Amino acid sequence: MATAPALIDRHGRTIRYLRVSVTDRCDLRCRYCMAEKMTFLPRSELLALEEIALIAERFIARGVTKIRLTGGEPLVRRDAIDLVRRLGRKVGAGLDELTMTTNATRLADHAETLAEAGVRRINVSLDSRDPETFRHITRHGDVAQVLGGIAAAQAAGLAVKINMVALKGLNEGEIAPMLEWAGTNGMDLTLIETMPLGAIDEDRADRFLPLTQVFDDLSHRFTLTPDRHHSGGPARYWHVAETGARLGLISPLTGNFCESCNRVRLTTEGKLFTCLGHEDQVDLKAAIRSGGLAAVDAAIDDALATKPAHHDFNVARGAAPAVGRHMSVTGG
C-alpha cells in the first residue's frame, strides 16, 4: 500500500501520539474513575490482538511516533505482552517510543518482559502511599503490591513516572511527600486534575482540587523552575531543585492544553476518539473487517476532519459527566 498522507487535523495539528486501550477491565475500582459495580464489554466485542497491531502499525506508517498502551489495566489482558513484543519491534523503525500506563498490581510479573520487548519507561498510577487511603481510593487495593511492582520495574531498567490524581479531602496532604519520595527514588511525578468522564458513585465536585492551588502550595516548599522537557503528552514540567527530578502538571480544567493536542485514542472495541471529552468517533473495527487497511485510512481521515478544537470539561456540583463513557473505556 502506498504511503498515506500525514495525520493532520482540521485545525492544523499534527498527530504523533496514539493511545491504545487494550482492555476496559481493571483489577481496581478507583472512586474517581469507575463505579463500584462496573459492566465491562463482552470479550467478543474487543479488537483481536492482530487487529490492534495492524491498526497501530498503520498509524506508525502515517507518522505516529509514540504509542502508549493503557486500559483499564493493560496487564490484565492475557495477550497484552504479545502486543508489546510486536509493537516493540517498531521502536527505531518508525516508532520512537512504546510506553505503558499501569496500576502496577501485576508489574512485578511482567517488568523484565516489558523491558526486553522494547519498553523503556512506564507511568504508574499511584494516588496514595498510605495503605488505608490507597485501599479507600481503589476500594480494595494493596499498595504494597504496587510498590513491589515499581521496585521490579526499576530493577529491570525501566524509567518510572508516577501519575497522581489530586483529590480534595483524600490525598491533598500527601502530594508534597509524594513529590519528595518520587524524586529521591529517581522518579518524576505528574499531578492530574480529576476529569468528568463517566458516571461514578460520588459528585466529582467534592473531590476536585485545582492544580493552580496545588502548585502555589508546592512553590512554597520546593524550588520549582520551568523545564523544557516534553514527554509527547499534555503535561507541563518543572524542575525540582531539591531532588533533581521533575514535576508535571496535567490540568484540563484550570490550564487547558488543547491547542497543542497531538493525540488520538483507540478503544479496546475499535472506536477511534479524537478527543477525550467528546463523543465523536469512527469505528476502526468495522473498517478493518470490511475493507482492510484502505478502509482504516479512510476512517482515520474522516475522524481527523471532525476533531474538535477543545474539550468542554466541567466539574461544577451536580454537573453531568462530559461524556458517558468511563476513562477505562477510552484509555487512561
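1. Leucine 284 is in contact (heavy atoms within 4.5 Å) with Ile55, Phe59, Leu266, Gly270, Leu272, Val296, Ala299 and Ile300, its neighbours within four places in sequence being left aside. The model is a predicted one, in which local features need pLDDT of at least 70 and side-chain atom pairs count only at pLDDT 80 or more, while totals for chains, interfaces and linings use all residues. Residues are numbered from 1 along each chain as its sequence is written, and side-chain values use heavy atoms, with hydrogens and water left out.

2. Leu284 is also among the residues with the most contacts inside the largest nonpolar core, together with Phe59, Ile67, Leu69, Ile162, Leu191 and Leu218. This core has 91 residues; a nonpolar core is a set of buried Ala, Val, Leu, Ile, Met, Phe, Trp, Tyr and Cys residues joined through side-chain atoms within 4.5 Å. Helix H8 (residues 284-304) contributes the largest share of the core, eight residues. Helices (H or I, at least four residues) and strands (E, at least two) are DSSP runs, numbered from the N terminus.

3. An open sheet of mixed pairing is formed by twelve strands, in the order S7-S8-S9-S6-S5-S4-S3-S2-S1-S10-S11-S12. Two strands pair if DSSP finds at least two bridges between them. Strand S7 (224-227) and strand S12 (281-283) are the edge strands, each pairing on one side only.

4. Within the sheet, strand S1 (residues 17-21) pairs with strand S2 (residues 66-70) in the parallel sense, over five bridges. Serine 21 has threonine 70 in S2 as its bridge partner.

5. Threonine 102 lies in strand S3 (residues 97-102). Its relative accessibility is 2%, so threonine 102 counts as buried (under 20% relative accessible area; exposed is over 50%, partly exposed in between, with a 1.4 Å probe and protein chains only). The side chain of threonine 102 reaches the backbone nitrogen of alanine 104 at 2.9 Å. Beyond its neighbours within four places in sequence, threonine 102 is in contact with Glu73, Leu75, Leu107, Ile122, Asn123, Val124 and Ser125.

6. How many aromatic pairs does a search of the whole structure find? The search finds one (ring centres within 6.5 Å, with Trp represented by its six-membered ring; planes under 30 degrees apart count as stacked, over 60 as edge-to-face and the rest as tilted). The ring centres of phenylalanine 215 and tryptophan 238 are 4.8 Å apart and their planes stand at 50 degrees, so the pair is tilted. Phenylalanine 215 belongs to helix H7 (residues 211-219) and tryptophan 238 to strand S8 (residues 236-240), 23 residues apart. Phenylalanine 215 counts as partly exposed at 21% relative accessibility, whereas tryptophan 238 counts as buried at 14%.

Note on methods. A polar contact is a pair of N or O atoms within 3.5 Å; within protein, one must be able to donate a hydrogen and the other to accept it, and residues adjacent in sequence count only if both atoms are side-chain atoms.
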